[in-house]
Amino acid sequence: MTKSGLSSASITFVGAGSMAEAIVRGLTSQQDGNPSRITMINRSNQERLMELHERYGVSCAADDAAKAAAIAQADVIVAAFKPKDAIEGLKALAPQLTSGQLLVSVIAGLSISTIEAVIGVSGQPIVRTMPNTSSSIGLGATGLSFSAAVSAEQRQLAIDIFASTGIVSVVEESKLDIVTGVSGSGPAYIYYMMEAMIEGGIRGGLSPEAARELTVQTVLGAAKMVELTGEEPAELRRKVTSPNGTTQAAIETLDRHDFAVGVTQAVLRCAERAAELGDAITSQAATVQSK
């Protein structure tokens with residue numbers, strides 16, 4: 001499905017939290033964005049729904065009849081529950097799904113097989129996603145995986161939805177945990193380093209305002225250099241590291257503290273923890289199903 005397909009698709013969000021809003025912001029900012037075809041549902045917070053309606057022009061469904069109609073007419077249903085509410089939410093949603101609807105999950109750790117087990121259908125087209133918080137400003141990075149039942153048209157539609165919030169990388173579902181380690185949690189690593197850079201600037205005599213401003217611009221500039229030049233980060237680093245110069249002294253200090261090893265291990269541990277949380281959700285689903 002092309003961009004025109006995105007503009008004509010009916011999309012219903014079940015859950016109206018920050019990630020749902022980030023996707024809606026991206027969709028409605030597109031030139032062919034069609035807020036009238038987007039409907040928001042949540043459990044009971046009508047004030048939140050009205051806020052989203054006023055901000056983006058999307059429709060809202062507050063009562064049970066309106067919610068049922070919004071789900072029934074949707075081409076795409078985005079399950080945006082909080083992880084703790086995921087199993088209960090999917091079980092409630094299951095009887096309302098039809099076979100041709102595309103079910104998109106933005107629920108961290110919830111595998112396609114677990115979703116299929118909870119909804120009781122093995123042939124439902126399902127997209128599992130791993131977005132990050134930068135999606136809220138249109139600079140997100142989202143990993144996508146598809147169930148076997150997703151058609152080529154639906155694949156493109158899902159890609160277009162998340163491309164509105166940044167870049168999209170289609171990966172095997174088994175690789176989504178490492179996507180979590182690299183980009184899902186990745187912004188926090190950069191923020192952590194920025195905290196340290198700002199602290200170093202302050203200790204060196206800069207005002208907090210100057211240290212923050214210089215750090216933010218430095219991170220922006222470095223990321224943009226990698227993007228615009230197409231060069232590897234390692235090569236760009238070498239270019240600014242003169243022998244026996246200031247940068248070399250700084251890099252050697254980082255190496256003494258195992259900076260690179262620490263970051264690599266952080267990515268891998270994050271992926272490992274994502275798998276552990278996914279296993280816990282799967283166990284929870286199995287327990288609920290057995291009752």
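How are α8 and α9 oriented to each other, roughly parallel or roughly perpendicular? In this predicted model, the axes of helix α8 (residues 176-184) and α9 cross at roughly 30° and come within 5 Å. Angles under 35 degrees count as roughly parallel, and α8 and α9 are therefore roughly parallel to each other. On the α8 side, the residues that meet α9 are Thr180, Gly181, Val182, Ser183 and Gly184, and their counterparts in α9 are Gly186, Pro187 and Tyr189. By class, this contact of α8 with α9 has five polar and three nonpolar residues, with no charged residues.

Helix α9 (residues 186-203) also packs with helix α10 (residues 208-229), at an angle of about 140° and with the axes 9 Å apart. α9 and α10 are therefore oblique to each other. The crossing in which α9 passes α10 is right-handed. From α9, the contact is made by Ile190, Met194, Met197, Ile198, Gly201 and Ile202, while α10 provides Pro208, Ala211, Arg212, Thr215, Val216, Thr218 and Val219. In the contact of α9 with α10, nine residues are nonpolar, three are polar and one is charged.

A further helix pair is formed by α5 and helix α6 (residues 112-119), which pack at an angle of about 50° with their axes 8 Å apart. That angle makes α5 oblique to α6. The crossing of α5 and α6 is right-handed. Ile87, Leu90 and Lys91 of α5 make the contact with Ile115, Val118 and Ile119 of α6. The residues of the contact of α5 with α6 comprise five nonpolar and one charged, with no polar residues.

α5 (86-93) is also one of the elements that line the second largest pocket; this helix, α2 (18-29), α4 (64-72) and β6 (126-130) each supply at least two residues of the lining. The second largest pocket has a volume of about 1000 Å³. Its lining consists of 37 residues, and those nearest the pocket centre are Val14, Gly15, Ala80, Phe81 and Lys82. By class, the lining of the second largest pocket divides into 17 nonpolar, twelve polar and eight charged residues.

Key
Residues numbered from 1 in each chain as written. Predicted model: local features only at pLDDT ≥ 70, side-chain atom pairs only at ≥ 80, totals over all residues. Heavy atoms only, no water. 1 Å grid on protein atoms, 1.4 Å probe; cavity = no way out; pocket = protein on both sides within 12 Å on 5 of 7 lines; lining within 4 Å. Points joined across faces, edges and corners; volume = space filled by probe spheres on them. Helix = DSSP H or I, 4+ residues; strand = E, 2+ residues; numbered from the N terminus. Nonpolar A, V, L, I, M, F, W, Y, C, P; charged D, E, K, R; others polar. Axes fitted to C-alpha atoms, helices over the stretch in contact; angles between N-to-C directions. Parallel < 35°, antiparallel > 145°, perpendicular 65-115°, else oblique. Left-handed = near helix turned anticlockwise from the far one by under 90°. Contact = heavy atoms within 4.5 Å.
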